[in-house]
Amino acid sequence: MKTALIFGGSGMIGQEFFQTLSKSMIVMSISYEQCDITSIEAVVAQLSKYHPDIIIKCAGIIDVESCEKDPDRAFLVNTQGVKNIVDAMISCDLKGCIFVQMSTAYVFEGSVAEYSEDDLPNPGTIYGLSKYKAEQEICSSFAQSSIRYYIIRTGWVYSEFRQTFIDLVVDSISKGDAIDIVTDQSGVITWAHELTEAVQTIMLDADSNPSGIYHVTNNAERAVSKYEIAVACARIFGFDVSLVRPIDSTSLQGVKRPRYSFLKTNKGIVLPQWQESLQHYLMEKYG
């Protein structure tokens, strides 16, 4: 039976991976408290202890505001942390191991309506840049290696394991409270349950899925605004749609997010339509 090790196992996507992979393999879930990935010695100790067949890196700083306020910390965790894992894998001679790096649509600055795996990143935030530099480190380090790697870009992920934008919308309008949602940030939401199942399929089928970058999100014909998604949440439950109030992001303080975060794939990895998955999640969680 295969053995998988998840760095960042206590986070939202880490917990989803544990739930998904535990059905078919032995999974070690490693939290920040158990292993600080900014220490290569700590990483080597974990790899030497478990000798995993699969390593999934979910650990990182994902808060865009925090990354802008402390870029040194962002690069230390999001970029150097990845380099430490990569270097540790090579030094521990984990031949034939699979490495999965969870990345983001924010490696693109968001000026065009959609991005495929072939488009050249140009991040507009420190968070996006720290993740892009990690991608570059992986591609260059494993180029001549027997280690297979998968860089999984996704975006606007929601899950039962953390309160997200989706839950904030439902909680607010279910109480009859209005909520302001931007109309000028567009992408597509992704159910983490389906995301992790898709990643499992990708990484375990080496013949069909060689090392590289993969865009994995729920399916959509076009970029969908956060306002449209919030309205969809209201309609699923029959709530008053007028409680979702459209606003422009220029009225908000903080770091400017990309106008478009819409990932398309040219690699045939297709998840269900976003509306279908959203309804399934909401009915399962809220009934």
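Figure 1. Asp-87 is partly exposed, as its relative accessibility is 24%; the classes are buried for under 20% relative accessible area, exposed for over 50%, and partly exposed in between, computed with a 1.4 Å probe on protein chains only. Lys-83 is likewise partly exposed, at 28% relative accessible area. The side chains of the two residues form a salt bridge with an N to O distance of 2.7 Å, the term denoting a side-chain nitrogen of Lys or Arg within 4 Å of a carboxyl oxygen of Asp or Glu. Both residues belong to helix α4 (residues 71-91), where they are 4 residues apart, about one turn of the helix. Helices (H or I, at least four residues) and strands (E, at least two) are DSSP runs numbered from the N terminus. The model shown is predicted, so that local features require pLDDT of at least 70 and side-chain atom pairs count only at pLDDT 80 or more, while totals for chains, interfaces and linings use all residues. Residues are numbered from 1 along each chain as its sequence is written, and side-chain values use heavy atoms, with hydrogens and water left out.

**Figure 2. The salt bridge between Glu-135 and Arg-153.** The N to O distance in this pair is 2.7 Å. Because Glu-135 lies in helix α5 (residues 126-141) and Arg-153 in strand β5 (residues 148-154), the pair ties together parts that are 18 residues apart in sequence. Glu-135 and Arg-153 are both buried.

**Figure 3. The salt bridge between Arg-222 and Glu-228.** The closest N and O atoms of the two residues are 2.7 Å apart. Arg-222 is partly exposed at 46% relative accessibility, and Glu-228 is partly exposed at 30%. In the whole structure, the search finds 6 salt bridges.

Figure 4. Phe-99 is buried, with 0% relative accessibility. Residues up to four places away in sequence aside, Phe-99 touches several residues, including Ile-55, Ile-85, Met-89, Phe-142 and Tyr-149; contact means heavy atoms within 4.5 Å. Between Phe-99 and Ser-66, 33 residues apart in sequence, the C-alpha to C-alpha distance is 27 Å.

Figure 5. Thr-196 has 0% relative accessibility and counts as buried. Apart from neighbours within four places in sequence, Thr-196 contacts Ile-13, Glu-16, Phe-17 and Thr-20.
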